Amino acid sequence: MTLSYTGGCACGAVRYDIAGEPVFCNDCQCRDCQRESGTGHGSHLTFLRSGVTVTGAVSRWDMTADSGHVKTRYFCPTCGSPVYMTFSAMPDVFTVRAASLDDPGRYKPQVVTYTARGWAWDHLDPALPKFEKMPRG
Ligand SMILES: [Zn+2]
Ligand SMILES: [Zn+2]
């Protein structure tokens, strides 16, 4: 039995608890992640939604990704922290922000996505596989 992944927003109003291990971990340099993070990339852990429990009220924003599918970004209405994302094309997955974890040290990036949008000043681990967009297209 592994420890669940717990975390939430900065003020503590939104909390999540996730059973199971992440299925995908990526640093994403797309413009959406840049705008939301305020820097060069977002860091994401993606889990199967079946293990997820969320408590607290969230605000949401639906946006259309490059793929044409809708991704929904959820954030705390009080402190504004981005907490998680869901995807219309992949209803079974649930993606959280690495820094929203109680222990962000558990994040182990596997790949870098959307390097086509990355900036020279945003240096990421040179050992990681890089994809110009999303590996599954
Ligand atoms: Zn908050
Ligand atoms: Zn992104």
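**Entry 1: the zinc site**

I started with Cys 9, which counts as buried because its relative accessibility is 9% (buried is under 20% relative accessible area, exposed over 50%, partly exposed in between, with a 1.4 Å probe and protein chains only). This is a predicted model, where local features need pLDDT of at least 70, side-chain atom pairs count only at pLDDT 80 or more, and totals for chains, interfaces and linings use all residues. Residues are numbered from 1 along each chain as its sequence is written, chains are lettered from A and ligands numbered from 1 in the order written, and side-chain values use heavy atoms, without hydrogens or water.

Next I looked up what holds the zinc ion (ligand 1): Cys 9, Cys 11, Cys 76 and Cys 79 coordinate it through SG at 2.3 Å. Donors here are N, O and S atoms within 2.8 Å of the metal (3.2 Å for Na, K and Ca); water is not among the atoms, so sites may look incomplete.

I then checked the angles: the four donor atoms subtend 106 to 117 degrees, so the arrangement is tetrahedral (for four donors, all angles between 85 and 135 degrees). For my own reference, the ideal tetrahedral angle is 109.5 degrees.

**Entry 2: along the chain**

I read the donor spacing as C-x1-C-x64-C-x2-C. Cys 9, in the loop between strands E1 (5-8) and E2 (15-18), and Cys 79, in the loop between strands E7 (70-75) and E8 (82-87), are 70 residues apart and link distant parts of the chain. Strands are DSSP runs of at least two residues, numbered from the N terminus. I noted Cys 79 as partly exposed, because its relative accessibility is 32%.

Technical notes. Four donors count as tetrahedral if all angles lie between 85 and 135 degrees; four count as square planar and six as octahedral if opposite donors are over 155 degrees apart and all others between 65 and 115; anything else is irregular. Helices (H or I, at least four residues) and strands (E, at least two) are DSSP runs, numbered from the N terminus.
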